[in-house]
Amino acid sequence: MTANSAIPGSTALDPSLEAAMTSLREARAEALLEFARIPSISALPEHAADMVTAAEWIADRLRGLKATEVEVVKTDLHPIVYGKIHEAPGAPTALVYCHFDVQPADPLDLWETGPFDPFLEDGRFVGRGVADDKGQIVMHLYALEALRLVGRAPAVNLTFVFEGEEEYGSDSLFAWIGPNRSRLAADVAVISDTTFFEGNVPAITVGLRGIMYAQIDVVLSPVDLHSGGYGGAVENPANALARIIASLKGPDGRVKIPGFYDDVVALTPDERAAMAALPFDAEAYREETGVPALVGEAGWTILESKTSRPTLDVNGIWGGFQGDGAKTIIPAHAHAKLSTRLVAKQNPTKIFEALRDYVAQIAPPGVTVTTTYIHGGEASLTPTDHPATQAAVRALRAVYGVEPVFMREGGSIPVTAAFDHVLGLPVVLLGFPQPNCNAHAPNEWLSEANFESGTRVIARFWDELAAMRR
Ligand SMILES: [Zn+2]
């Protein structure tokens with residue numbers, strides 16, 4: 001039931017299109033290696049010119065595919081690449097999104113070769129970005145190359161948005177989406193920036209968690225106080241902060257903020273059964289993470305707890321004396337950064353207000369406690385029976401000969417929420433790397449089998465999507 005068994009020479013496409021796919025294999029691999037040689041690291045200012053080079057690389061390819069309105073959009077930071085192929089009057093329009101920026105490559109000494117000296121060996125591409133997310137851009141481009149080679153246009157209308165700041169907060173894209181709403185009009189958004197399920201099982205991601213990030217500051221006095229002279233008479237900010245944090249979540253994993261769970265869309269019994277049937281090995285997951293034991297939320301499995309339930313974690317905590325030896329003070333102040341991972345339909349602002357009000361209510365007298373909002377993003381959830389999701393199911397099934405699984409991810413892809421909530425589009429998350437592809441880590445890799453079969457899934461998907469009603 002894995003993608004490894006799917007080899008080129010698929011019968012999922014008509015014979016002429018499959019022949020075109022096969023004939024393009026070498027060029028496709030070469031294109032990925034060429035693209036992955038551009039060190040488009042969005043977080044590092046010295047790579048600003050490389051971001052433009054990577055954007056132009058895509059734009060040139062789109063023009064070669066006879067896309068119209070191709071544009072490398074200038075922003076405050078890195079460019080966005082826009083283009084469209086609208087040659088299917090009356091058919092649905094898909095907004096296709098991937099990102100061409102990559103994570104920094106350090107630690108460099110752990111790479112087999114340089115991170116931007118990619119290679120293909122033993123069925124694996126290795127190099128920064130081959131999986132996240134450049135390989136998926138090349139899959140989209142080469143699904144179209146094959147169609148063009150046989151003189152066909154995609155059966156649906158495609159609008160492309162390729163982003164250069166996904167690994168750096170997406171600020172420019174968020175600023176650009178609103179004013180360009182009409183150029184982004186579509187029936188569905190297709191995002192290729194996720195992976196298959198553990199064991200390389202073909203999968204469609206239907207849920208991503210959102211986030212609410214905040215900071216709590218507890219202040220006693222302008223300067224540290226002598227713990228001999230003041231201890232016992234004043235509140236200690238570090239003690240107070242510890243008590244506040246201890247009140248936010250119980251040992252059973254339940255968040256104790258009143259109203260926290262009010263808007264949660266609960267997993268249905270069917271969804272829980274489907275999730276329980278997924279090939280997820282909690283013990284292997286524990287071993288891989290190197291922790292002594294796993295702790296889920298009471299009443300929920302580990303997989304449910306880490307993908308489909310909201311949670312709260314302290315991300316950092318500081319205050320007082322932290323040097324060697326001892327210093328007998330009562331710290332002047334103490335702080336914590338914390339975040340909640342949210343699920344549909346929790347609203348980050350509402351969750352922040354609930355946290356702020358609860359903290360104010362439980363804050364001890366004798367210190368000043370403030371809670372500040374840092375950032376937030378909404379969760380997204382696409383129904384598994386949505387016609388676009390079902391079109392993706394048919395495309396995956398046709399190529400792999402197995403039933404794909406639906407999965408939810410614990411993390412966020414902020415653009416998903418923007419497409420969902422700002423543009424009002426259903427989102428299909430169709431990604432092809434294996435989950436252990438070392439994204440963001442040294443020796444990031446992508447199996448050539450997934451690259452080959454994924455390209456065919458995309459070509460087939462446009463046909464399947466054409467059957468979707470507008
Ligand atoms: Zn990515």
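I count a contact where heavy atoms lie within 4.5 Å. With that in hand I looked at the protein chain of this predicted model. Among contacts between residues at least 6 apart in sequence, 80% join residues at least 24 apart.

**Entry: the whole chain**

I looked up the secondary structure and found 14 helices and 18 strands in the protein chain. The radius of gyration is 25 Å, close to the 23 Å that the globule rule gives for 470 residues, so I note the chain as being as compact as a globular protein of that length. I also took the extent of the C-alpha trace along its principal axes, which is about 85 × 50 × 45 Å. Of the 470 residues, 53% count as buried.

**Entry: strand S3**

I turned to strand S3, residues 93-99, and asked how many of its residues are buried. I found 7 of 7, so I write the strand down as mostly covered, since buried means under 20% relative accessible area. In a regular strand the side chains alternate between the two faces of the sheet. In S3, Thr 93, Leu 95, Tyr 97 and His 99 point one way, while Ala 94, Val 96 and Cys 98 point the other way.

I then checked the pairing of S3. Strand S6 (residues 157-163) runs parallel to S3 and is joined to it by 7 bridges; there Thr 93 has Asn 157 as its bridge partner. Strand S7 (residues 188-191) is also parallel to S3, with 4 bridges; in S7, Ala 94 is partnered by Val 188.

**Entry: the zinc ion**

I asked which residues coordinate the zinc ion. The angles among the 4 donor atoms run from 53 to 151 degrees, and the site is irregular. Along the chain the donors follow the spacing H-x32-D-x60-D.

His 99 lies in strand S3 and Asp 132 in the loop between S5 and helix H4 (134-149), so this pair ties together parts that are 33 residues apart in sequence. I looked up the exposure of both: His 99 is buried at a relative accessible area of 0%, and Asp 132 is buried at 11%.

**Entry: the sheet of three strands**

I traced an open sheet of 3 strands in the order S4-S5-S18, with antiparallel pairing. Strands S4 (119-121) and S18 (445-447) stand at the edges with a single partner strand each, so one side of each is left without a neighbour in the sheet. The twist averages 25 degrees from one strand to the next. Between S4 and S5 (residues 124-126) I found 3 bridges, and Phe 119 stands opposite Val 126.

**Entry: the sheet of four strands**

I found another open sheet, of 4 strands in the order S11-S13-S9-S14, with antiparallel pairing. S11 (311-319) and S14 (368-377) are at its edges, each with a single partner strand, so one side of each has no neighbour in the sheet. Neighbouring strands are turned by 15 degrees against each other on average, direction ignored.

S11 pairs with S13 (residues 333-342) over 8 antiparallel bridges, and Gly 316 has Lys 337 as its bridge partner in S13. Which helices lie on this sheet? Helix H11 (residues 348-362) packs on the sheet, touching S9, S13 and S14, and its direction makes about 165 degrees with that of S14. Helix H7 (residues 237-246) lies across S9 (210-219), S11, S13 and S14, running at about 15 degrees to S13.

Note on methods:
Residues are numbered from 1 along each chain as its sequence is written. This is a predicted model: local features need pLDDT of at least 70, side-chain atom pairs count only at pLDDT 80 or more; totals for chains, interfaces and linings use all residues. Side-chain values use heavy atoms; hydrogens and water are left out. Two strands pair if DSSP finds at least two bridges between them. Helices (H or I, at least four residues) and strands (E, at least two) are DSSP runs, numbered from the N terminus. Axes are lines fitted to C-alpha atoms, for helices over the stretch in contact, and angles run from 0 to 180 degrees between N-to-C directions. Buried means under 20% relative accessible area, exposed over 50%, partly exposed in between (1.4 Å probe, protein chains only). Donors are N, O and S atoms within 2.8 Å of the metal (3.2 Å for Na, K and Ca); water is not among the atoms, so sites may look incomplete. Four donors count as tetrahedral if all angles lie between 85 and 135 degrees; four count as square planar and six as octahedral if opposite donors are over 155 degrees apart and all others between 65 and 115; anything else is irregular. The radius of gyration is taken over C-alpha atoms; the globule rule is 2.2 Å times the number of residues to the power 0.38.
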